[in-house]
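Please look through the sequence and the model below. The paragraphs after them walk through selected parts of the chain, one after another.

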Amino acid sequence: DVAFSDEEKQIFYLFRNVASDCYPDAHACFLRISLTLADSPITCPWEIGLHMAKYISKLGHISGRCRLSCAEEDKVLIIIDEQQEKFKIISEYLRSYDTSKLDTLVEMWSDESAQIEAQYSDLLTEKELFTTITGICRSDGFVTNQDEIKSFVIKYKQKRPLPDIFICLLETRKSYIRSIKEKLSFYKCRHPTRAQESKWNVKRYMSPINAEIPRSIENLYCYYYKMNQISTSAAATAVEYIDIYEENTHGENVGS
């Protein structure tokens, strides 16, 4: 729960060089390190949401020693939700921020030589940005630090948010973990946004028909209901497709 010394920080940030490792167990290891540092003022040099989404997508290939428990997954998902909220707050502020000043700061943080050659006015701008964003986050009930602000600003500037499919994986896993904790008989699965020219079929009274629904639908959800085991001991699930747009606007589930 304390900051690293300069030597420890230098060693820890070498993980940045292997943060792109896509081996299934590597995702689990990065998540475990993130959990260990969750209550410390240290910012991990990798994107936790990205590793969690990849962890979920490769769950069947992760060894038992590395796999996270449901409680650990739940804690990781809470951390990711908090980071996403902070990123939204910071992004909203940066939309009206001076673009040239932001470019200078990002260059200064990304290039050591640029940091050495930085002018005094750039350092004042950096300090002002840290102070302002820290205050905005605190007013919304979030705690942040300079390293985290830097990572969010660089992420905003590079325009690399989590892909829709990864967001769907995270939300679906969160719903699944919640169903286990609360002993629910179902959990909600989120699907990516439909394309404008989608040819998807829609289940209506268990019969696939051509989709004839408004193209303004933002998301598609379905609910997986847990069933009793059948004689072959195979797990069975029933799927109900829910048309969120129709549910919210007309009060009925046209797509069920």
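T43 is buried, with a relative accessible area of 11%; buried means under 20% relative accessible area, exposed over 50%, and partly exposed in between, with a 1.4 Å probe and protein chains only. The structure is a predicted model, in which local features need pLDDT of at least 70 and side-chain atom pairs count only at pLDDT 80 or more, while totals for chains, interfaces and linings use all residues. Residues are numbered from 1 along each chain as its sequence is written, and side-chain values use heavy atoms, with hydrogens and water left out.

T43 sits in the loop between α2 and α3. Helices (H or I, at least four residues) and strands (E, at least two) are DSSP runs, numbered from the N terminus. What is T43 in contact with, leaving aside its neighbours within four places in sequence? The partners are F12, Y13, N145, D147, E148 and S151, where contact means heavy atoms within 4.5 Å. For S151, 108 residues apart from T43 along the chain, the separation of the C-alpha atoms is 8.7 Å.

D147, one of the contacts of T43, also forms a salt bridge with K9, with 3.3 Å between the closest N and O atoms. A salt bridge is a side-chain nitrogen of Lys or Arg within 4 Å of a carboxyl oxygen of Asp or Glu. D147 belongs to helix α8 (residues 146-158) and K9 to helix α1 (residues 6-12), so this pair ties together parts that are 138 residues apart in sequence. D147 is partly exposed at a relative accessible area of 23%, and K9 is partly exposed at 35%.

A salt bridge also joins the side chains of E47 and K155, at 2.8 Å from N to O. Here, too, distant parts of the chain are linked: E47 is in the loop between α2 (24-36) and α3 (48-57), K155 is in helix α8, and they are 108 residues apart. Are E47 and K155 buried or exposed? Both are buried.

K86, in helix α4, is buried as well, with a relative accessible area of 3%. Apart from neighbours within four places in sequence, K86 contacts F142, V143, T144, E148 and F152. A network of salt bridges links K86 with E82 and E148. E148 is also among the contacts of T43.

Next come the two helices on either side of the loop that holds T43. The axes of α2 and α3 come within 9 Å and cross at roughly 135°; axes are lines fitted to C-alpha atoms, for helices over the stretch in contact, and angles run from 0 to 180 degrees between N-to-C directions. That angle makes α2 oblique to α3, because angles under 35 degrees count as roughly parallel, over 145 as roughly antiparallel, 65 to 115 as roughly perpendicular and the rest as oblique. In this pairing, H27, A28, F30, L31 and S34 of α2 meet I48, H51, M52, K54 and Y55 of α3.

How many of the 10 residues of α3 are buried? The count is 7, so α3 is largely enclosed by the rest of the structure. These buried residues are I48, G49, H51, M52, A53, Y55 and I56. They pack against α2, α4 (70-94) and α9.

K183 is exposed, with a relative accessible area of 76%. Its phi is positive, about 55°, although K183 is not a glycine. Most residues other than glycine have a negative phi.

E182 and R178 form a salt bridge through their side chains, at 3.4 Å from N to O. E182 is partly exposed, with a relative accessible area of 45%, and R178 is partly exposed at 44%. Under the rule given above, the count of salt bridges comes to 12.

Last comes the confidence of the model. The mean pLDDT of the protein chain is 77, and 75% of its residues reach 70 or more; pLDDT is the predictor's confidence in each residue, from 0 to 100. Over residues 202-218 the pLDDT stays under 50, and the model has 32 contacts beyond four places in sequence for them. Residues 228-256 also have pLDDT below 50, and this stretch has 51 contacts in the model beyond near neighbours in sequence.
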